[in-house]
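Please read them with the structure open.

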Amino acid sequence: MASFRTEMRGDVAVVTFDLPGEPVNTLSPAVGAEFSEELERLGRDEAVKTVVFTSAKQDFVVGADVKWLGSLRSAADGERASRDGQQGFDRLAAFPKPVVAAIHGACLGGGLEWALACRSRVASDAPRTQLGLPEVQLGLLPGAGGTQRLPRLIGAQAALDLILTGRSVRASKARKLGLVDEVVPPSILVDVAVERARALASGTDTPPPRRSPRETFTRAALEGNPLGRRLLFAEARKQLLRKSGGHYPAPERTLEVVREGLEKGMEAGLRAEARAFGELLMTEVSARLRELFFATTALKKDTGVDGAAKARPVRKVSVLGGGLMGGGIAFVTTEKAELPVRIKERDDSSVGRALAHVRGLLDQRVRRRRLDRRGMEKVLARVTATTDLSGFHRADVVIEAVFEDLTLKRRLLAEVEAATGEDCIFASNTSSIPIGRLAEGARRPGNVIGMHYFSPVEKMPLLEVITHGGTDPSVVATCVELGKKQGKTVIVVRDGPGFYTSRILAPYLNEAAHLLLEGADIAAVDHALRAYGFPVGPFQLLDEVGIDVGEKVSHVLHDAFGERMAPPATMATLAKEGRLGRKAKKGFYRYDVDGKPVDTSVYASLPGGATRVPFSEDELRERPVLLFLNEAVRCLEEGILRSARDGDIGAVFGLGFPPFRGGPFRALDAMGAAEAVRRLQHWQERKGARFEPAPLLRRMAERGERFHPDG
Amino acid sequence: MAPQLIGQPGTSRAVVVKGLRTPFVKAGGVFGSLTSLDLGAAVVRELVERADIDPAEIDQIVFGQAIPTLLAPSIAREVGLASALPRGLEAHTVSRACATSIQAFTDVASAMALGVSQAAIAGGTESMSDVPIFTSRPLSRALVKASRAKTLPERLRAFAGLKPKDIVPVPPAIAEYSTGLTMGESAEKMAKENHISRTWQDEIALASHQRAAAAWKTGVFDAQVMHVPVPPAYTSTGTTDDIVRPDTSLEALAKLRPVFDRAHGSVTAGNSSPLTDGAAALLVMREDRAKALGLQPLGALRAFAYAATDPGDQLLQGPAYAAPLALDRAGMTLKDIDLVEMHEAFAAQVASNLQAFSSPEFARKLGRPAPLGEVDPERLNVHGGSIALGHPFGATGARIVMQALDALARRDKSTALCTVCAAGGLGAALILERV
């Protein structure tokens, strides 16, 4: 079936990309060949003076087909595919008749490279219209000329910003950058592109506006001469190393390739780009990131239930408690899900704080120009607050975000059940109270569920939906759907102490504490785990969440799982001393001086005192990580997790497990179950039963199986 | 004369399902940073929340203010949009000076009686902290001329004839356009012509404060008055009417100096309603619709009337003209009325209205065989009136309706007469009854 339709508007050929049977347009060699053929035909056709290229989908082109990328088996294959793409776009760029891209919706990756090869670009002003080169998020770089054409069009500094971060920009910003030539309403997009194409063909087009003197100066100073360029690239390199911790090869390669092109010319740049693309494609990092991409894509389609249960419509949400969590939940409900939300707080000043919290988050969006004042008023108008349960009657979902106290939560549940309709869902945003225990006291236990958001809600991408045995499947589907609308990545886990994320984190944090007791240095432990790829080390994390909170959770888990989850007494001692972490400005680190050095006074409360014992970085890393992975396997084995995929997503998006390792199950697959068992047993002999390999892991090792058979 | 009821009892008659208002607050007080629109949207949003009905049930919103917000002149529509009601909710703005939200209420009731509305929001809002400030006529003429000019010299010439005093901004006057008299001066005139003593005026004011204070104390207003957290910081919250003075006395009131006629006057700040910020709204439905939704109405509108008198005569005597008409239409006499809610613009006006109610001379002027009769002070404004509670012009009518219906329920009585006097010599009267 043809992917392109050509329609003549006088002497302008309007070519519409419409990949048959697909919701979005993606690029693959087959599409490239088809387009080249069509282009050749248009070149021969004398009735065609000029060409407009556009899309029939809601988006322009969302990039290369990531599945197809996975089919390339060697660096040489990848390089060849990149060369083919480059040559296709070279032909487009050299096409004698002017080609204008009419861009509406996402124009990403190969899609933007395509547009860059056109003579001119017109974009619609719809918010949906976003332009960017997100390849870096898959551990790659733009491999079809993007690293060469973008710096030539908008300057190296702006181009590096887009390519290295992978962020996309709206049409208005793209216009300012010089990425597109004109921004118009979607309704006249193609008409304007046709006019522009005609003007280009007849030479009556208006030249692009001159750059501001300041911009011209910066570009000349930084990019026009070798010295400035060296400065620019050195600075960019320093920044990205600080961000990536050296785990991600793609940004560095991108810098090299862009520089090569600027110094040795387009052809050399393209060759370097293709080579780097092929090599990056074969890296483990890119493979893991692409797997993660597929996992999140699959999760977006997952209803969260295995049966046919459908999500119920949600027209209104109520939130009990408007603190940091409740306020954040209210924010994502009104701003992302665009639903009315009613907050209940205990008094006027708490109501005021809750509303101020939501408004503060919206103010941030306004300051970042993601929202205008009027838009903010509209979002804010959906939020109301109360000190009683008035206005709860019509709520479809009530999310409680009050203090972690079972008696309190049960009382609220009873009050809510009395004030709401038969179908109203009661979701508890608890991180430690078993949902089954909460549901025991309920009149309608089937409507009771957990929705475990992470703090700060507006930033953290994960939502753990927790089902107890009696939760109605349609209730699960409804909460999963609501979570997605709130912009969350949602995994469904079965009820159990610590659910999934808190449970696998506990032995990891405990082990860090064991190391501390054995004499390890705080900074050394944190450094080792950051080097593994965690965004912060375990002690930094404890300071953030609160040492007392961590201590409380680990006791719950100790009670539930026995000896292997026993926390060393250290934490309780520290918490008792008032050392609670950042909130108390007293933790493992100091918060009263710049640079947050380790608070060495901690050591006084520990056996061994200030004399620290050197440990190998391998041990500091391996012990906590192995326990983390092993506990994840137990969760899968016990049916806490629905799939290894969910376990990977939950750890990466909820706990900051290194994305380039793909998640605990991908990491185990990469390591091999047998090796994991061997390392666990190694530590089991030395440190005790908490390192006992999970039975499922042992079975997998015996059978040589993987958690993800696809890889 | 046969009664002229508005709608059929049990079916097309309009009933009030719920009423709500913001606290009424001295201008420049806790709501000082809010606009009329902010206040109106806050009360409508919360009213719909508390009524716990599907917002899609509402088919119309009628809202108004006495002094228009020039940036949002279609205030009813803006209130609808700003309170997150469905974007497709039809709206129109009404204006009848101090009787604006009475007009909003009778508009929706009439539409229901005609069968063209099922459920509606009626109300009004006023911010005396956010009044439009005008430029002088010469300056505004010059600005208009300059905006049409094509060249710079032409544009500059437009301002040539202006005098320094033309540059000074002009605040809105609460004065009659046709007579030039302010409200206070008109009240003063009525006090003199009707021989209303200063003591009587101060007694009316005292009763208003004492009853309002008692009502607050006993929780009468808890369900009628919402708390309004004030954006953007939300650190302050409007919770209560701040004009009510529980501790005032006749002595204290007697000490105040007349404002409008310093030498021979009797109208003081103490026996007048103050400049106030606030909003109020009613959820009104056809009786059959309310029943179908299982809602228990607070009461129904039985009849209403508007009337007018020459503003050059006694400006605020409108209620004395409208009340007999409304009673006639209801098929009732004053004896059938359990409670009277009379808007207190000025105590002098209340006294004048009451005097006219019972005056055979006034009845003759109306061409009626007999006066309406005396109003028992124990049945008048039983929870206080505008002098103590404040008077955000656009909101007062809706406040009076919800307060009357609530008072009937508390006393297990059935009928109420509500009156509001308004600029231009207008008067409004409603007959309400419990369902």
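1. In helix α23(A), the buried residues are A:Ile547, A:Asp548, A:Gly550, A:Glu551, A:Val553, A:Ser554, A:Val556 and A:Leu557. A residue is called buried if 20 or more other C-beta atoms, placed from the backbone, lie within 10 Å of its own, exposed if 12 or fewer do, and partly exposed in between. Helices (H or I, at least four residues) and strands (E, at least two) are DSSP runs numbered from the N terminus. An α-helix has 3.6 residues a turn, so residues three or four places apart point the same way.

2. The buried residues of α23(A) pack against α20 (501-517), α22 (538-545) and α24 (570-576) of chain A; contact here requires C-beta atoms, placed from the backbone, within 7 Å. The length of α23 (residues 547-561) of chain A agrees with expectation, because its 15 residues at 1.5 Å a residue should span 21 Å and its end C-alpha atoms are 21 Å apart. The expected span is 1.5 Å times one less than the number of residues. Just after α23(A) comes A:Gly562, with a positive phi of about 80°.

3. This is a predicted model, in which local features need pLDDT of at least 70 and side-chain atom pairs count only at pLDDT 80 or more, while totals for chains, interfaces and linings use all residues. Residues are numbered from 1 along each chain as its sequence is written, and chains are lettered from A and ligands numbered from 1 in the order in which they are written.

4. Chain A is divided into domain 1 (4-282), domain 2 (317-494) and domain 3 (501-703), with bounds from an automatic or database domain assignment. The C-alpha centres of domain 1 and domain 3 of chain A are 44 Å apart. Their contact takes 4 residues from each of these domains of chain A.

5. Chain A has an open sheet of 6 strands in the order β1-β2-β3-β4-β6-β9, with mixed pairing; strands pair if DSSP finds at least two bridges between them. Its edge strands are β1 (4-9) and β9 (182-184) of chain A. Strands β4 (residues 99-103) and β6 (residues 120-124) of chain A are parallel and share 4 bridges; A:Ile103 has A:Ala123 as its bridge partner in β6(A).

6. Which strand of chain B has 9 of its 10 residues buried? The answer is β9 (residues 299-308) of chain B. This strand runs antiparallel to β1 (residues 14-21) of chain B, with 2 bridges, and B:Val16 is bridged to B:Gly299. On β12 (residues 426-433) of chain B, β9(B) has an antiparallel partner joined by 8 bridges, where B:Ala300 stands opposite B:Glu433.

7. Some backbone values deserve a check. Most residues other than glycine have a negative phi, and most peptide bonds are trans. The bond joining A:Ser455 and A:Pro456 is cis, with omega about -5°, and the bond from B:Pro231 to B:Pro232 is cis with omega near 0°. B:Ala97, not a glycine, has a positive phi near 45°; B:Ala97 counts as buried because it has 21 C-beta neighbours inside 10 Å. B:Asn381 has a positive phi of about 40° and lies in the loop between α12 (360-366) and α13 (386-389) of chain B. With 28 C-beta neighbours inside 10 Å, B:Asn381 also counts as buried.

Terms used. Two residues are in contact if their C-beta atoms, placed from the backbone, lie within 7 Å.
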